[in-house]
Amino acid sequence: MRAAHTVEQVRAAEEVELARLPEGALMQRAATGLAVAIADLLGGVYGRRVLLLVGSGDNGGDALYAGAQLARRGAAVEAILLSEQVHAAGLAALLARHGRVVDTTTATRPDVVVDGIVGIGGRPGLRPNAVEALGLFRDVPVVAVDVPSGVGVDTGELDGPHVVADLTVTFGTHKPCHLVDPAASACGVVDLVGLDLDLPEPPIQALQAADVAVLVPRPDPFAQKYTRGVVGVRAGSPEYTGAAVLTTSGASCGLAGMVRYDGPAADEVRARHPGIVASVGRVQAWVVGPGGGDDVDVLLAACLADGVPVVADAAALPHVEPGHSRLVLTPHAGELASMLGTERDAVEADQLGHVRRAAAHFGCTVLLKGRHTLIADPGGRVRVTTSGVPWLAVAGAGDVLAGVIGALLASGLEPFDAASVGSWLHGAAATVAGGGGPVTPEGVADAVATVVSGLTSGLQD
Ligand SMILES: NC(=O)C1=CN([C@@H]2O[C@H](COP(=O)(O)OP(=O)(O)OC[C@H]3O[C@@H](n4cnc5c(N)ncnc54)[C@H](O)[C@@H]3O)[C@@H](O)[C@H]2O)[C@@H](O)CC1
Ligand SMILES: Nc1ncnc2c1ncn2[C@@H]1O[C@H](COP(=O)(O)OP(=O)(O)O)[C@@H](O)[C@H]1O
Ligand SMILES: [K+]
């Protein structure tokens, strides 16, 4: 599990550790991890040129101490001081190793720029002198210390100028900005240096393959199709039969024992999936909405009246009312904006705030689709999916996702687990299906089984 904690939580945990350790020890641990990561990026240290951008706080201190360590191993290290006050002991350490203080007119072209402008104490945005320094060597790789300076650390928002890093080396735990877009997209690769902090339950997590392997349902030896769960799909309309085929393709990923289809595209659905039963009967979960027509409000009401968990997607979303706790809503940013009476841009700018607001308002699990899909429950807990690839941004992929989540709900997973596991499998399936190239939504649906078998065989070893 990749965990992210807020600035307040990190500060509280650091305080305990700071009181326990000799002065400066925690920063030295951070700086050593940073120096190792920079050396790895450069493929060596001796003779490499490093430019530190140093702000007023401890983030600049980390950069200065890491710079001193690199200078000791033969790097030529220069520092631009962006504040009159910088970490004094860090600066002394750098100067003792023959690092040089330079300005924007005297800095030498480096092999790497180290962003020690601000860390978790930073407000969003950058001052003009930082923007100028960052503009000096635009094509040089940037390593951000802890966070890319200027991003909203707790919110994942971007407001004003900020660093765009190739690598972010963070300490102790991830912060929300490392997982939540748009800030996450400014982090590049994120490397975590452990500080042995005693941290509370993380408010934000990103499932990893091992976590999904634990959560994914497996049939017991005496399983029957009904004990594994039946998922019902009410999707498609005479105009949009493809949505019915794709949603049932997701539902047929093999994670539930049976798929029922109730709608106008039964022939198309059965032609692709002969195992699907096109008759009404008992189900353990419903999926409703993809490609839905004029009667989608009636269908949603019928699904909810069944008293089983429901995935509501696409055309069903505008008809959802608060108060159904076993509901999973799967909007993209435009759909979530309509549901909350705001604009798509506002949702995209503050994805965490909006998905949490929607989960609290509707009293159910809400999954906001995007590059890093967010899943929130009404209590504010959030999971982030990072397994996807940009090729997944293809029409129909969302229908498949709704079907996969429906199968997981039918198998007995709780809504928050079903949504986050389904989203992770969906992203991983796109990676497998495309092999680095384009995918079709059908291909993604087919690849879910391959991903699951990889996970479960790994566990049996
Ligand atoms: N607390 C600790 O023990 C540790 C902290 N570490 C480092 O310390 C950092 C936090 O240090 P600080 O609390 O000193 O805070 P920062 O280094 O993030 O800087 C805070 C100062 O920068 C100024 N500032 C805020 N926003 C700004 C902006 N947008 N542009 C320019 N200046 C701005 C403010 O005057 C503020 O006091 C972490 O991110 C991490 O890098 C690590 O060394 C690990 C140990
Ligand atoms: N840049 C991206 N990287 C990874 N996944 C993405 C990206 N953009 C969109 N996705 C994923 O692609 C899918 C698109 O779904 P959706 O927008 O509902 O399409 P449709 O309604 O046509 O089925 C979602 O699962 C979303 O998370
Ligand atoms: K930084």
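Where is Pro 182 found? I looked there first: Pro 182 sits in the loop between α6 and β8. Helices here are DSSP runs of H or I with at least four residues, strands are E runs of at least two, and both are numbered from the N terminus. The peptide bond joining Asp 181 and Pro 182 is cis, with omega about 5°.

**Ground rules**

I'm working on a predicted model, where local features need pLDDT of at least 70, side-chain atom pairs count only at pLDDT 80 or more, and totals for chains, interfaces and linings use all residues. Residues are numbered from 1 along each chain as its sequence is written, and chains are lettered from A and ligands numbered from 1 in the order in which they are written.

**Overall build**

I counted elements next: the protein has 17 helices and 17 strands. The radius of gyration is 25 Å, close to the 23 Å that the globule rule gives for 461 residues, so the protein is as compact as a globular protein of that length. That radius is taken over C-alpha atoms, and the rule is 2.2 Å times the number of residues to the power 0.38. Along the principal axes, the C-alpha trace spans about 80 × 50 × 40 Å.

Burial came next: 53% of the 461 residues count as buried. My cut-offs are 20 or more other C-beta atoms within 10 Å of a residue's own for buried, 12 or fewer for exposed, and partly exposed in between, with C-beta atoms placed from the backbone.

I also checked contacts, meaning C-beta atoms, placed from the backbone, within 7 Å of each other. Among those between residues at least 6 apart in sequence, 70% join residues at least 24 apart.

**Two domains**

The domain assignment gives domain 1 (2-205) and domain 2 (209-460); such bounds come from an automatic or database assignment. Their centres, over C-alpha atoms, are separated by 39 Å. The contact takes 13 residues from domain 1 and 15 residues from domain 2. On the domain 1 side, α6 (176-179) and β9 (204-206) each supply at least two residues. By class, I get seven nonpolar, four polar and two charged residues on that side. In this scheme Ala, Val, Leu, Ile, Met, Phe, Trp, Tyr, Cys and Pro are nonpolar, Asp, Glu, Lys and Arg are charged, and the others, Gly among them, are polar.

**Strand β7**

How many of the five residues of β7 are buried? Four of them are, so β7 (residues 167-171) is largely enclosed by the rest of the structure. I then went through its partners, with pairing defined as at least two DSSP bridges between two strands. Strand β6 (residues 142-145) pairs with β7 in the parallel sense over three bridges. Strand β8 (residues 189-193) also runs parallel to β7, joined by five bridges. Val 169 in β7 turns up on both sides: it is the bridge partner of Val 145, and it stands opposite Asp 191 in β8.

**Ligand shells**

For the shells I took residues whose C-beta atom, placed from the backbone, lies within 6 Å of the ligand. Ligand 1 is surrounded by 25 residues, the closest being Gly 57, Asp 58, Asn 59, Gly 119 and Gly 121. Helices α1 (7-20), α2 (25-42) and α3 (58-72) each supply at least two residues of this shell, and the largest share, four residues, comes from α3. Its classes are nine nonpolar, 10 polar and six charged.

Ligand 2 has 17 residues around it, and Lys 369, Arg 371, Gly 388, Ala 393 and Gly 398 come nearest. Here helix α15 (residues 397-410) gives the largest share, four residues. I count seven nonpolar, seven polar and three charged in the shell around ligand 2.

**Back to α3**

Ala 68 lies in helix α3 and is buried, with 23 other C-beta atoms within 10 Å. Leaving out residues up to four places away in sequence, Ala 68 touches Ala 93, Leu 94, Arg 97 and Gly 99.

A reminder to myself: most residues other than glycine have a negative phi, and most peptide bonds are trans. His 98 has a positive phi of about 70°, in the loop between α4 (88-96) and β4 (100-102). Is His 98 buried or exposed? It is exposed, with 11 other C-beta atoms within 10 Å.

Ala 314 has a positive phi too, about 45°, in the loop between β13 (310-312) and β14 (327-329). With 23 C-beta neighbours inside 10 Å, Ala 314 counts as buried.

Note on methods: Two residues are in contact if their C-beta atoms, placed from the backbone, lie within 7 Å.
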